[in-house]
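Please go through this report with the model open beside you.

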Amino acid sequence: MEEEEQKSSSRSTQILAIDVNNIGDFVFHQPDLTFLGDWFINLSEDSQDAINLYQAVKQLQTSGLPVAFPTETVYGLGADATRSDAVAGIYAAKQRPADNPLIVHISSLRQLHHLLDSTPGSRDDCPDADAHGRIPAIYDALISRFWPGPLTILLPLPDPSPLAPAVTGSLSTFGVRMPSSRLALALIHLAGLPIAAPSANASTKPSPTTAAHVLHDLSGRIDLIIDGGSCSVGLESTVVDGLTRPPAILRPGGVSIEMLRQCPGWEHVVIGYSSCGSAETSAPRAPGMKYKHYSPNARVVLVHGRLSLDLVSRYPSARRKVGLISTMTWRVEDLEFPQCSVTRDHDAPATPRMDGCLRKFAIKKLRPYRPHDAIKDSPPVNGESDQHAELLQVSSIDLGREIANIAQALFSALRELDLDGVDVIFVEAIDESGGDAAAAIMNRLRKAAESEIES
């Protein structure tokens with residue numbers, strides 16, 4: 001372990017900024033199909049952005065170390081899905097459990113057809129497959145409507161499989177998606193490889209939505225991070241299994257159950273994941289189903305209802321520093337802190353880690369002076385009040401009331417409060433009847449939280 005840490009600390013992690021608008025021109029052979037059809041890129045020879053992109057491409061093609069890159073959902077940690085040494089680099093950098101499968105990312109349907117047909121075999125093995133390969137027809141409507149985008153589908157693993165065994169975690173299926181991020185698509189297309197990529201965070205930590213998040217978790221563990229700005233969605237892709245009857249949602253995300261039910265064959269799709277925060281005990285059918293995820297170093301408490309000082313006091317912390325993440329109703333000015341004085345410290349400006357504003361204030365709660373306080377504090381003298389003050393330092397982030405904004409900023413908020421050094425983070429729960437995006441947010445919060453309470 002000591003040798004591994006020394007090796008890790010000696011590695012320098014480089015961040016390459018790339019503006020996808022400056023890399024060159026995307027050319028589509030079938031404009032009506034865009035990325036689902038055949039396409040290529042005319043790279044700009046004099047563009048530094050194109051040069052940076054090509055550097056990342058060469059590392060994917062030749063190195064055993066993964067490359068971090070942005071997608072529309074979160075930042076991914078990518079490697080050649082067909083090379084075992086490259087895939088092993090993902091697990092090593094993230095310190096990820098070996099039985100937690102990875103999602104394969106592609107840049108076109110042609111690339112997926114090639115992956116599925118890369119070895120000879122009878123197509124009778126999958127009678128529902130489309131005319132181009134082995135994609136079951138149940139997925140046709142989903143691919144047409146939601147690709148490229150935040151949707152992962154489960155497909156039968158070809159036999160023999162071109163994928164590295166560690167990609168599937170000993171499953172007979174694998175997850176695949178086509179991201180909508182043009183930078184991610186360009187990277188995958190130019191590499192000419194299917195890219196295995198989980199989120200680019202240390203295992204169990206909140207998913208990264210900026211290059212700074214990736215650097216915080218993986219500095220010294222990887223060589224290269226592509227900085228393409230903040231991710232637009234902020235939550236990982238929806239994962240669906242159309243190989244079962246009825247089809248099932250294995251992980252909620254950017255595509256809702258209502259949207260899926262509008263597609264032929266998916267009218268009766270069911271929820272196949274646990275709505276509570278407990279991890280699966282059996283072999284996971286998809287990434288994110290078995291292990292605790294999205295957890296900062298601070299303890300996370302998910303709260304339904306109002307927040308009060310009495311509730312906060314149930315969770316004593318050594319440094320008396322707590323964080324608040326408010327969504328629909330909590331507002332600092334309205335919190336129920338009777339017999340307290342609230343002193344505003346300051347509103348910290350936006351940082352590279354967080355687009356919102358971090359508000360800081362102190363709560364001073366008065367309570368009767370107790371004799372044992374003299375052990376650690378001076379007793380009241382010269383007629384001082386027999387009231388004794390408890391000081392609580394509070395850092396607060398308001399994510400607003402819009403579900404899309406909450407989804408995009410949630411992981412950043414957890415990370416920001418962690419970096420601020422709080423001991424406990426209280427997060428305001430949202431109503432899951434607000435749709436699948438709300439359900440996806442609560443799914444992530446339950447996996448991050450140590451406890452969930454009603455106030």
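## Backbone exceptions in loops

Ser170 counts as exposed, at 74% relative accessibility. Exposed means over 50% relative accessible area, buried under 20%, and partly exposed in between (1.4 Å probe, protein chains only). Ser170 sits in the loop between helix H6 (165-168) and S8. Its phi is near 70°, a positive value in a residue other than glycine. Thr204 also has a positive phi, near 80°. Thr204 lies in the loop between S9 and H8. With 33% relative accessibility, Thr204 counts as partly exposed. Most residues other than glycine have a negative phi, and most peptide bonds are trans.

Two cis peptide bonds deserve a look. One joins Trp147 and Pro148, with omega about -10°. Pro148 is in the loop between helix H5 (140-146) and S7. The other runs from Arg245 to Pro246, with omega near -5°. Pro246 belongs to the loop between strand S11 (238-241) and strand S12 (248-251).

## The model and its overall make-up

This is a predicted model, in which local features need pLDDT of at least 70 and side-chain atom pairs count only at pLDDT 80 or more, while totals for chains, interfaces and linings use all residues. Residues are numbered from 1 along each chain as its sequence is written, and side-chain values use heavy atoms, with hydrogens and water left out.

The protein has 12 helices and 20 strands. Helices (H or I, at least four residues) and strands (E, at least two) are DSSP runs, numbered from the N terminus. Of the 455 residues, 54% count as buried. Among contacts between residues at least 6 apart in sequence, 69% join residues at least 24 apart. Contact means heavy atoms within 4.5 Å.

Two strands pair if DSSP finds at least two bridges between them.

Strand S8 (residues 173-177) has 5 of its 5 residues buried, so it is largely enclosed by the rest of the structure. Both of its faces are covered. Thr173, Gly175 and Arg177 are on one side, with Phe174 and Val176 on the other. S6 runs parallel to S8, joined by 3 bridges. Val104 has Val176 of S8 as its bridge partner. Strand S7 (residues 151-156) runs antiparallel to S8, with 4 bridges. There, Pro156 is the bridge partner of Thr173 in S8. Strand S6 (residues 103-105) also pairs with strand S9 (residues 195-196), in the antiparallel sense over 2 bridges. His105 stands opposite Ile195 in S9.

Which residues of helix H8 (residues 211-218) are buried? They are Ala211, His213, Val214, Asp217 and Leu218. These cover an arc of only 155° around the axis, which puts them on the same side of H8. The arc is that of the directions from the helix axis to the C-beta atoms. An α-helix has 3.6 residues a turn, so residues three or four places apart point the same way. The cover over the buried residues of H8 includes strands S4 (67-70), S5 (75-80) and S10 (224-227), and helices H3 (84-94) and H11 (403-419).

Ser219 is in the loop between H8 and S10. It is partly exposed, with a relative accessible area of 45%. Leaving aside neighbours within four places in sequence, Ser219 is in contact with Thr13 and Val214. Ser219 and Thr13 are 206 residues apart in sequence but 5.7 Å apart in space, C-alpha to C-alpha. Gly220, which follows H8, has a positive phi near 85°.

## Helix packing

Axes are lines fitted to C-alpha atoms, for helices over the stretch in contact, and angles run from 0 to 180 degrees between N-to-C directions.

The axes of H11 and helix H12 (residues 436-448) come within 9 Å and cross at roughly 25°. The contact involves Ile403, Ile406, Ala407, Leu410 and Phe411 of H11, and Ala437, Ala438, Ile441, Arg444 and Leu445 of H12. H11 and H12 are therefore roughly parallel to each other. Angles under 35 degrees count as roughly parallel, over 145 as roughly antiparallel, 65 to 115 as roughly perpendicular and the rest as oblique.
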